[in-house]
Amino acid sequence: MNSIENVDQKLIENLANLMSSEVRAKIYIYLRKYNKSTVDEIAGGTGIYPSTVRESILDMYNTGYVSREKMDKEGLGKKPYLYTAAAPSYIVKKISKNIQEKLNDLIMVDRRIESKELKIPFVPVKIVVDEKYRD
């Protein structure tokens, strides 16, 4: 059985911090290691209940952290989805954009609470992702 039991706990903690959930972090790590996996495979490899995996992976799909495709399977019955994790560089860009917005809100908090109609002509905080680490 494929699993992530040997993955460094610090890596899981760091990704959990960025993805707002340890469950999401474990799912993401599993899918980076074992691409095109079903919910049951992910659950077995992470030790997370299948119902929890289903709930979290739907959120991850909706945010673009994972993609999915129907499994080619002969016969009757539902065809499960196969999930694939998005490239780390894609997620870094998504997260950095979100963090940049929050940092700019923080840096401009005094101006924004004094005037409701503040128009910011520049972005005080800008996060740049080095493209050489793309997947």
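At what angle do helix α2 and helix α3 pack, and how far apart are their axes? Keep that in mind while you set up the view.

**Before you start**

This is a predicted model, in which local features need pLDDT of at least 70 and side-chain atom pairs count only at pLDDT 80 or more, while totals for chains, interfaces and linings use all residues. Residues are numbered from 1 along each chain as its sequence is written, and side-chain values use heavy atoms, with hydrogens and water left out.

**Stop 1: the whole protein**

Show everything as a cartoon. Along the sequence the pattern reads α-α-α-α-β-β-α-α. The protein has 135 residues, and 31% of them count as buried. Buried means under 20% relative accessible area, exposed means over 50%, and partly exposed lies in between (1.4 Å probe, protein chains only).

**Stop 2: α2 and α3**

Select residues 22–33 for α2 and residues 39–46 for α3. Here is the answer to the opening question: the angle is about 105°, and the axes are 10 Å apart. Axes are lines fitted to C-alpha atoms, for helices over the stretch in contact, and angles run from 0 to 180 degrees between N-to-C directions. The angle therefore makes α2 roughly perpendicular to α3. That label covers 65 to 115 degrees; under 35 is roughly parallel, over 145 roughly antiparallel, and the rest oblique.

Now show side chains. On α2, the contact uses Lys26, Ile27, Tyr30 and Leu31. On α3, it uses Glu41, Ile42, Gly45 and Thr46. Contact means heavy atoms within 4.5 Å. Colour these residues by type: four are nonpolar, two polar and two charged. Ala, Val, Leu, Ile, Met, Phe, Trp, Tyr, Cys and Pro count as nonpolar, Asp, Glu, Lys and Arg as charged, and the others, Gly among them, as polar.

**Stop 3: inside α3**

Stay on α3. Its buried residues are Val39, Ile42, Ala43, Gly45 and Thr46. They pack against α2, α4 and β2. Just after α3, click Gly47, which has a positive phi of about 80°.

**Stop 4: α2 and α4**

Which residues of α2 meet α4? Val23, Arg24, Ile27, Tyr28 and Leu31 do. Their partners in α4 are Thr52, Val53, Ser56, Ile57, Asp59 and Met60. This contact divides into seven nonpolar, two polar and two charged residues. The axes come within 10 Å and cross at roughly 80°. α2 and α4 are therefore roughly perpendicular to each other.

**Stop 5: two loops**

Click Ser20, in the loop between α1 (9–19) and α2. Ser20 is not a glycine, yet its phi is positive, about 65°. Is Ser20 buried or exposed? Ser20 counts as exposed, at 67% relative accessibility.

Next, go to Lys36, in the loop between α2 and α3. Lys36 also is not a glycine, and has a positive phi of about 55°. Lys36 is partly exposed, at 46%.

**Stop 6: the largest pocket**

Finish by selecting Val39, Arg54, Pro80, Tyr81 and Tyr83, which lie nearest the centre of the largest pocket. The lining has 13 residues: six nonpolar, one polar and six charged. α4 gives the most, with three residues.

Technical notes: Helices (H or I, at least four residues) and strands (E, at least two) are DSSP runs, numbered from the N terminus. On a 1 Å grid over the protein atoms alone, a cavity is a set of points where a 1.4 Å probe fits but cannot get out, and a pocket is an open set with protein on both sides within 12 Å along at least five of seven lines; lining residues have an atom within 4 Å of a point.
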